[in-house]
Amino acid sequence: METYSKQEIIDLYNLPLMELIYRAAQVHREHHDPSKIQVSTLISIKTGGCPEDCGYCPQAARYHTSIEKNDLLPYETVIGLARKAKEKGSSRVCMGAAWRNVKEGDDFEKVLKMVRGLSELDMEVCCTLGMITESQAVRLAEAGLHYYNHNLDTSEDYYKEVISTRGYDDRLKTLDNVRKGSLKVCSGGIIGMGESIEDRAGMLLSLSKLHPQPESVPINALVAVEGTPMEEQEIVPVWDVVRMIATTRIVMPKTTVRLSAGRTEMSAEAQALCFMAGASSIFAGEKLLTTPNPGEDKDAEMFSILGLTPTEKEKDDTGKFKIRRSRVEAEEQEKWSRPGHRIEKNVQAAEKAKEIRKVQRQN
Ligand code: SAM
Ligand code: DTB
Ligand code: SF4
């Protein structure tokens, strides 16, 4: 497979737009059926109260956002939500938890039970639970998990401006653990956080250098949520989203490129350009994890206009995980890092939130 240097990725990104879309569409047609779209539904199984300081995230406990927090949802609720998603045309559910990492114990056992229950619904199952160890990846795979989502989010350079409580290496280590557990990798990032084109290319370089490349790459446009350090960021131009999707498609020809957060700000015409440029997946439903998303009805109308058909569940290949257990059971717990550098705008957002909480308590 052709590999691209960072400069080559930048040059692709900066091609005249029509040329870029044309090249991406060609690559797309070589490896994918352009009339198909993969549809996933997110279920936020544990919402808010996260100890991390990801500057974009409304679920970080240290910022002051108006999201509704939730402890781990009951099994029946999750299964019920997944059933509804399936009825509405999703072939995959992705359970998200506002955790730094997966901790052994009650909650993890409950998540494993949810994975078992969801795979019995004959849907693909994905999780995004923060950092995981190899043995946790194996246990998730044994329970029937197909994909694990863990984003690099941005380039290694710009990462230090966004998150201080976990390092880029921790993220790469989790992706390595996901692979060792025989799970499929879903990893991408966010644009519109103030990063440069070089950073966008840097992130694509890091993703494309993973071996094998991720099966799925979500491209999120920042949803700037009030109370987070990124609340003032302007809506990312549609043209940037199209360029990012097209460049991702060319650099990682076989991956499923998901047009992820940010679709509420995009017209159907703008999304059509993204599909033309190689996006072949979306998140469905009125909500992502905590922020709005176009509902299924709107998407069904768009698919009908564009002649896109949702894909069925992929062929099941979960049987292969059974043999690995004994080796991994002996493994030590991972030691995740706490880089501890200071990001001024994150500190300010946390202080502002503290002040607001103080005033609220006094009233
Ligand atoms: N806590 C887990 C973790 O960080 O891996 C899983 C959930 S986390 C919310 C999953 C991803 O959602 C993040 O890595 C980020 O790429 C994306 N995300 C979070 N907030 C976002 C926002 N405001 N706009 C766009 N994408 C966002
Ligand atoms: C991904 O890359 N995007 C999804 C999923 N993976 C977990 C999450 C988007 C979250 C947007 C902000 C929110 O709704 O809280
Ligand atoms: Fe926590 Fe994940 Fe949000 Fe970071 S992105 S604050 S780890 S929920």
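Tutor: Helix 1 and helix 8 are oblique to each other. Keep in mind that this is a predicted model. The angle between the two is about 120°, and their axes lie 9 Å apart. Why call that oblique? Angles of 65 to 115 degrees count as roughly perpendicular and those over 145 as roughly antiparallel, so a value between those ranges is oblique. The angle and the distance between the axes are how two packed helices are described. Helix 1 covers residues 6–13. Helix 8 covers residues 197–209.

Follow the chain out of helix 8. A loop joins helix 8 to strand 7, and Pro 212 sits in that loop. The peptide bond leading from His 211 into Pro 212 is cis. Its omega is near -5°. Most peptide bonds are trans.

Strand 7 comes next, and strand 7 takes you to a ligand. Together with strand 2 (92–97), strand 7 (216–221) is among the elements that give two or more residues to the shell around ligand 2. That shell holds 17 residues. The nearest of them are Pro 218, Leu 288, Leu 289, Thr 290 and Thr 291. By class, the shell around ligand 2 has 8 nonpolar and 9 polar residues. None is charged.

Now compare the surroundings of the other ligands. Ligand 1 has 19 residues around it. Thr 128, Asn 151, Asn 220, Val 223 and Ala 261 are the closest. The shell of ligand 1 splits into 10 nonpolar, 8 polar and 1 charged. Ligand 3 has Cys 50, Cys 54 and Cys 57 among its surrounding residues. Glu 52, Gln 59, Ala 60, Ala 98, Arg 100 and Gly 130 also belong to that shell. The classes around ligand 3 are 5 nonpolar, 2 polar and 2 charged.

Back to helices. Helix 10 (residues 268–276) packs with helix 11 (residues 296–306) at about 60°. Their axes are 11 Å apart. Helix 10 and helix 11 are therefore oblique as well. Helix 10 passes helix 11 in a right-handed crossing.

Helix 9 gives a check on length. It runs over residues 238–251, 14 residues in number. At 1.5 Å a residue it should span 20 Å, and its end C-alpha atoms are 20 Å apart, so the two values agree. Helix 9 is also mostly covered, with 11 of its 14 residues buried. The buried stretch includes Val 241, Val 242, Arg 243 and Met 244. Ile 245, Ala 246, Thr 247 and Thr 248 are buried too.

Strand 8 (residues 256–259) is where Thr 256 lies. Thr 256 counts as buried because 22 C-beta neighbours fall inside 10 Å, and the cut-off for burial is 20 or more. Thr 256 and His 28 are 228 residues apart in sequence. In space, their C-alpha atoms are 9.8 Å apart.

Two loop residues stand out by backbone angle. Most residues other than glycine have a negative phi. Asp 122 has a positive one, near 65°. It lies in the loop between helix 4 (106–120) and strand 3 (124–128). Asp 122 has 11 C-beta neighbours inside 10 Å, so it counts as exposed. Ser 182 also has a positive phi, of about 65°. Its loop runs between helix 7 (168–180) and strand 5 (184–186). Ser 182 has 17 such neighbours, so it is partly exposed.

Helix 7 holds Asp 169, which is exposed because 12 other C-beta atoms lie within 10 Å. From Asp 169 to Glu 314 the C-alpha separation is 31 Å. Thr 133, in the loop between strand 3 and helix 5 (134–143), is buried because it has 22 C-beta neighbours inside 10 Å. The C-alpha atoms of Thr 133 and Tyr 159 are 22 Å apart. Along the chain, Thr 133 and Tyr 159 are 26 residues apart.

Conventions
Residues are numbered from 1 along each chain as its sequence is written. Chains are lettered from A and ligands numbered from 1 in the order in which they are written. This is a predicted model: local features need pLDDT of at least 70, side-chain atom pairs count only at pLDDT 80 or more; totals for chains, interfaces and linings use all residues. A residue is near a molecule or strand if its C-beta atom, placed from the backbone, lies within 6 Å of it. Ala, Val, Leu, Ile, Met, Phe, Trp, Tyr, Cys and Pro count as nonpolar, Asp, Glu, Lys and Arg as charged, and the others, Gly among them, as polar. Helices (H or I, at least four residues) and strands (E, at least two) are DSSP runs, numbered from the N terminus. The expected span of a helix is 1.5 Å times one less than its number of residues. Axes are lines fitted to C-alpha atoms, for helices over the stretch in contact, and angles run from 0 to 180 degrees between N-to-C directions. Angles under 35 degrees count as roughly parallel, over 145 as roughly antiparallel, 65 to 115 as roughly perpendicular and the rest as oblique. A crossing is left-handed if the near helix is turned anticlockwise from the far one by less than a right angle, and right-handed if clockwise.
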